Amino acid sequence: DAEYVLLDATSTIFPVHLFPIEGLTPEAAYVEYVRRLLEDDGFAVSDAEDGWLLLVRDLTDRGGDPALTADVVLTGISERFGLGN
């Protein structure tokens with residue numbers, strides 16, 4: 001029921017390896033968890049700076065950068081881990 005999620009997209013993926021997704025590497029699981037937040041759980045990127053992503057549930061009237069779509073964010077994280085698209 002969190003309203004905000006703060007992610008470090010430049011560091012290690014800990015603690016994702018504690019919650020593996022069968023058939024995915026830890027890096028791919030991290031991207032999948034972020035995808036689920038953005039596409040399934042109603043979060044959107046409110047701000048992104050210096051490798052940090054601030055996700056907010058229901059961005060209505062909270063500002064945010066409309067250029068930071070789920071596709072843009074997921075592509076950037078995937079590239080960071082060398083996963084491609």
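Is Glu39 buried, partly exposed or exposed? At 43% relative accessibility, Glu39 counts as partly exposed, because the label covers anything between buried (under 20% relative accessible area) and exposed (over 50%), with a 1.4 Å probe and protein chains only.

**Before you click**

You're looking at a predicted model, so local features need pLDDT of at least 70 and side-chain atom pairs count only at pLDDT 80 or more, while totals for chains, interfaces and linings use all residues. Residues are numbered from 1 along each chain as its sequence is written, and side-chain values use heavy atoms, with hydrogens and water left out.

**Stop 1: the whole chain**

Switch to cartoon view. The protein chain has 2 helices and 3 strands, and along the sequence they run β-α-β-β-α. Both kinds of element are DSSP runs numbered from the N terminus: helices are H or I with at least four residues, strands are E with at least two. Of the 85 residues in the protein chain, 29% are buried.

**Stop 2: helix 1 and its salt bridges**

Select residues 26-40, which make up helix 1, and show side chains. A salt bridge here is a side-chain nitrogen of Lys or Arg within 4 Å of a carboxyl oxygen of Asp or Glu. The model has 4 salt bridges by that rule.

Start with Glu32, which is buried at a relative accessible area of 19%. Two arginines reach it:

- Arg35 bridges to Glu32, with the closest N and O atoms 2.8 Å apart. The two sit 3 residues apart in helix 1, about one turn. Arg35 is partly exposed, at 22% relative accessible area.
- Arg36 also bridges to Glu32, with 3.0 Å between the closest N and O atoms. This pair is 4 residues apart, again about one helical turn. Arg36 is partly exposed at 32%.

**Stop 3: the largest pocket**

Rolling a probe the size of a water molecule over the atoms shows where empty space is left. On a 1 Å grid over the protein atoms alone, a pocket is an open set of points where a 1.4 Å probe fits, with protein on both sides within 12 Å along at least five of seven lines; lining residues have an atom within 4 Å of a point. Its volume is the space filled by probe spheres set on the points, which are joined across faces, edges and corners.

Select Leu6, Leu7, Asp8, Ser11, Thr12, Ile13, Phe14, Pro15, Val16, Phe19, Tyr30 and Tyr33 to see the lining of the largest pocket. The space inside is about 160 Å³. Which elements supply at least two residues each of this lining? Strand 1 (4-8) and helix 1 do, and strand 1 gives the largest share, 3 residues.

Colour the lining by type and you get 9 nonpolar, 2 polar and 1 charged. Here Ala, Val, Leu, Ile, Met, Phe, Trp, Tyr, Cys and Pro count as nonpolar, Asp, Glu, Lys and Arg as charged, and the others, Gly among them, as polar.

**Stop 4: a nonpolar patch**

Together the three make a nonpolar surface patch of about 350 Å². Patch residues have over 30% relative accessible area and no salt bridge, with nonpolar side chains (Val, Leu, Ile, Met, Phe, Trp, Tyr) joined within 5 Å and like charges within 9 Å. The areas come from the Shrake-Rupley method with a 1.4 Å probe, and for residues only the protein chains shown count as cover. Phe19 is in the loop between strand 1 and helix 1.

**Stop 5**

Pick Ser46 in strand 2, which is buried at 16% relative accessibility. From Ser46 to Val56 is 10 residues in sequence and 6.0 Å in space, C-alpha to C-alpha.

Finish at Asp50, in the loop between strand 2 (43-49) and strand 3 (52-57). Asp50 has a positive phi, near 50 degrees, although it isn't glycine. Most residues other than glycine have a negative phi. Asp50 is also exposed, at 67% relative accessible area.
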